[in-house]
Amino acid sequence: MSAALPPLSARYAGRRVLVTGARGFLGRAVCDRLTAEGAEVWAPSRAALDLLDRAATKAALAEARPEIVVHCAVDGGGLGWMAAHPIESGLHNTLMNAHIIEAAEACGATRFIGAGSACAYPRLCPVPFTEDHLWDGYPEPTNGPYAQSKRTLIDLCAAYWAQRRFFAVTPLLANLYGPGDHLDPGRAHVVSALLQRVVSLPPEAPLTVWGSGRPTREFIYIDDAVEGLLRCADLDEPTTINIGTGEEHSIAALAEAVCAAADHRGGITFDPTKPDGQPRKCLSAEKAATLLGWRAQVGLAEGLRRTVAWYRAARAA
Ligand code: GFB
């Protein structure tokens, strides 16, 4: 379906685009894609643009005057990090999100796209998650404060549109994975955690997987996530929208797929002392297909194959 879409350069070529979180997994990939599409990318480091500082953020954007802001900065990590850092994940992300949207509107930008997360949905939500269920209950408590920071950003986007007609949208992204993923074991999400572990195992040793293996997740390949996120600038008007694949996998099935991608035949064991987190998580991809004409292209087996190849090459370098 993406083949029929206009090139992203139609929106971004020659535009001055601020990407926050440009040293992170998503932000770096967004910068690469925008550069390839001919945008003039402003990718400040955290030291150059401290989003926790409201006045400094406003001043920096007023001076640089980006036309489009793509906000990818987060203070985050996988389930384990989230559970251990409820203050940082709630406080830092709430402040950063509020400061950047305020500064983007004040500096005269025409578009704000903030990276949202599927974890903003209620803990128990009909699967696949459709956008009309977003506010139907509290999110998974282990990442509650983080999820609430994303929900606040969604609400602020709606507020800026309602009151000032400022185009601001926070698409809800499925769990990301792919080349360039975070490798820090303290913050890693499940795909990069399993991949790093499996590649270091002796051939006969089993892969240890947290929890029961029964929870489900949906995984979107990084290039697909970037494309879906950037295409949201072409919505007729801001709206709540998922950027996902619609494909639900159990963690046990993911572990099998990681073993297959790495050609590991030592089997799998589960560690029930580790948390499962949200029981099921999978986004409906239908609204994005209808409004944007866009669907994710890279299936899990192919994406994992590419990710394993990247990781092995990065390790060998
Ligand atoms: O990727 P993950 O940490 O984030 O965990 P969430 C997904 C699932 O994988 C959970 C299981 O059911 C874990 O129990 N799992 C199995 C593992 N083995 C491992 C392992 O070695 N490491 C990790 N981390 N998990 C996130 C939020 O929740 O959702 C994020 O915490 C973000 O920051 C993301 O918002 C979208 O999917 O549970």
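**Exercise 1. Helices α3 and α5**

Task: In this predicted model, state the handedness of the crossing of α3 and α5, then describe how the two helices are oriented to each other.

Solution. 
Step 1. Look along the crossing of α3 and α5: the crossing is right-handed.
Step 2. Find the axes. Helix α3 covers residues 54–64 and helix α5 covers residues 86–106; their axes come within 9 Å and cross at roughly 30°.
Step 3. Apply the cut-off. Angles under 35 degrees count as roughly parallel, and α3 and α5 are therefore roughly parallel to each other.
Step 4. List the residues that meet. On the α3 side they are R54, T57, K58 and L61, and on the α5 side H99, I100, E102, A103, A104 and A106.
Step 5. Sort the residues of this contact by type: five are nonpolar, two polar and three charged.

**Exercise 2. Helices α5 and α6**

Task: Decide how α5 and α6 are oriented to each other, and name the residues that make their contact.

Solution. 
Step 1. The axes of α5 and α6 come within 8 Å, and they cross at roughly 15°.
Step 2. With the cut-off of under 35 degrees for roughly parallel, α5 and α6 are therefore roughly parallel to each other.
Step 3. The handedness of the α5 and α6 crossing is right-handed.
Step 4. From α5, the contact uses P86, S89, G90, N93, T94, N97, A98, I101, E102 and E105. From α6, it uses P145, Y146, S149, K150, L153, L156, C157, Y160 and R164.
Step 5. By type, the contact of α5 with α6 has nine nonpolar, six polar and four charged residues.

**Exercise 3. Helices α7 and α11**

Solution. 
Step 1. Helix α7 (residues 190–199) packs with helix α11 (residues 300–316) at an angle of about 55°, and the axes are 11 Å apart.
Step 2. Roughly parallel needs an angle under 35 degrees, and roughly perpendicular runs from 65 to 115.
Step 3. The crossing of α7 past α11 is right-handed.
Step 4. V191, L195, Q196 and V199 of α7 meet L304, T307, V308, Y311, R312 and R315 of α11.
Step 5. The residues of this contact are six nonpolar, two polar and two charged.

**Exercise 4. The surroundings of T20**

Task: Is T20 buried or exposed, and which backbone nitrogen does its side chain reach at 3.1 Å?

Solution. 
Step 1. T20 belongs to strand β1, residues 16–20.
Step 2. Its relative accessible area is 2%. Buried means under 20%, so T20 is buried.
Step 3. The side chain of T20 reaches the backbone nitrogen of A73 at 3.1 Å. A polar atom of the T20 side chain also lies 2.9 Å from the backbone nitrogen of C72.
Step 4. Apart from neighbours within four places in sequence, T20 is in contact with G27, L51, V70, H71, C72, A73 and I100.

Note on methods:
Residues numbered from 1 in each chain as written. Predicted model: local features only at pLDDT ≥ 70, side-chain atom pairs only at ≥ 80, totals over all residues. Heavy atoms only, no water. Axes fitted to C-alpha atoms, helices over the stretch in contact; angles between N-to-C directions. Helix = DSSP H or I, 4+ residues; strand = E, 2+ residues; numbered from the N terminus. Parallel < 35°, antiparallel > 145°, perpendicular 65-115°, else oblique. Left-handed = near helix turned anticlockwise from the far one by under 90°. Contact = heavy atoms within 4.5 Å. Nonpolar A, V, L, I, M, F, W, Y, C, P; charged D, E, K, R; others polar. Buried < 20%, exposed > 50% of the residue type's maximum accessible area, 1.4 Å probe, protein only. Polar contact = N/O pair within 3.5 Å; in protein donor to acceptor, adjacent residues only side chain to side chain.
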